[in-house]
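Hi,

Here is the structure I promised to pass on. Have a look at it first, then read my notes below.

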Amino acid sequence: MRRGFRKVLPFFCLIGALLLLLPCGAIGADQPTGPKMVMKELEHDFKEVKEGEVIEHVFQVLNQGDQVLEIREVRPG
Amino acid sequence: MPSFDRAIPPGGEGKITLQVKTDGFQGPIDKSAVVTSNDPVNRQITLRVKAVVQVPILLTPKYVYLSGSSEQAVTRVVEIKAELDKPLEITPGEFNLEQKVSFKVEEIEKGRKYRVRFESIPGPAQTYQGFLKIKTNYTEKPEMTIWIRGRLSGGQKG
């Protein structure tokens with residue numbers, strides 16, 4: 001009787017572990033995390049430029065979230 | 001002067017463009033812009049652009065500030081330095097503070113470096129703002145303006 005129980009114990013443990021993990025996965029899948037702003041770079045150095053030139057740089061923004069990323073304002077400092 | 005994409009879909013990519021006009025700048029510049037979004041974790045991020053603005057003629061400092069007692073002459077010096085590999089010649093042009101400030105141009109290094117010495121003319125307490133224009137033989141910079149500000153207070157009476 002005891003031997004039989006020892007044989008099936010790992011199986012029950014595995015089932016138990018899966019049952020514990022199942023709700024966690026379900027929660028993660030249902031809840032949106034929101035937008036996530038990721039910049040490819042935060043700084044750009046033009047090095048040497050001549051006075052009078054208009055210098056321009058395009059920063060790439062990635063949205064790695066699961067909702068629309070809204071850029072509300074870009075305020076020069 | 002920024003321009004940017006207002007909405008970026010999940011997994012998408014957008015652009016933020018920063019523009020800097022270098023007119024009137026000299027030497028290192030460091031400009032930043034604060035980006036505000038609906039990202040719940042990082043609502044604000046700061047972007048920076050840096051550059052070193054090269055000028056044909058370097059003015060150090062770019063502005064003159066005369067401050068002190070109105071009863072005494074206050075002196076400030078501006079250095080004008082050629083940054084191109086050719087001789088620089090300068091001549092004073094328009095000046096609009098004749099009754100308040102005097103100036104003198106000295107050549108320090110032939111064709112390379114000059115010094116303009118400004119001196120306040122003693123008189124009543126006053127504040128003023130004006131300029132001295134400098135004409136040059138450089139086609140890249142035929143004229144420069146040295147801005148002058150004065151804040152001269154009256155003497156202490158005891």
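Chain A has a mean pLDDT of 80, and 62% of its residues reach 70 or more; pLDDT is the predictor's confidence in each residue, from 0 to 100. Residues are numbered from 1 along each chain as its sequence is written, and chains are lettered from A and ligands numbered from 1 in the order in which they are written.

Within chain A, confidence is lowest in helix α1 (residues 2-30), with a mean of 58, and highest in strand β3 (residues 54-63), at 97. (Helices, H or I with at least four residues, and strands, E with at least two, are DSSP runs numbered from the N terminus.) Over residues 24-28 of chain A the pLDDT is below 50, and this stretch has zero contacts in the model beyond near neighbours in sequence. A contact here means that the C-beta atoms of two residues, placed from the backbone, lie within 7 Å. Where pLDDT is low, the predicted coordinates should not be read in detail.

Chain B has a mean pLDDT of 94, with 97% of its residues at 70 or more. The model scores ipTM 0.73 and pTM 0.70.

Now for how the chains meet. The contact takes 40 residues from chain A and 44 residues from chain B. On the chain B side, the elements giving two or more residues are β2 (7-8), β3 (13-21), β4 (27-37) and β5 (44-54). Strand β4 (residues 69-76) of chain A pairs with β4(B) in the antiparallel sense over five bridges; strands pair if DSSP finds at least two bridges between them. In that β4(B), B:V34 is the bridge partner of A:R75.

Chain B also has an open sheet of four strands, in the order β6-β8-β11-β10, with antiparallel pairing. Which strands stand at its edges? They are β6 (57-60) and β10 (101-109) of chain B; each has a single partner strand, so one side of each is left without a neighbour in the sheet. The partner of β10(B) is strand β11 (residues 113-120) of chain B, and the two pair in the antiparallel sense over eight bridges. There, B:K113 in β11(B) is the bridge partner of B:E109.

Enjoy exploring!

Conventions
Predicted model: local features only at pLDDT ≥ 70, side-chain atom pairs only at ≥ 80, totals over all residues.
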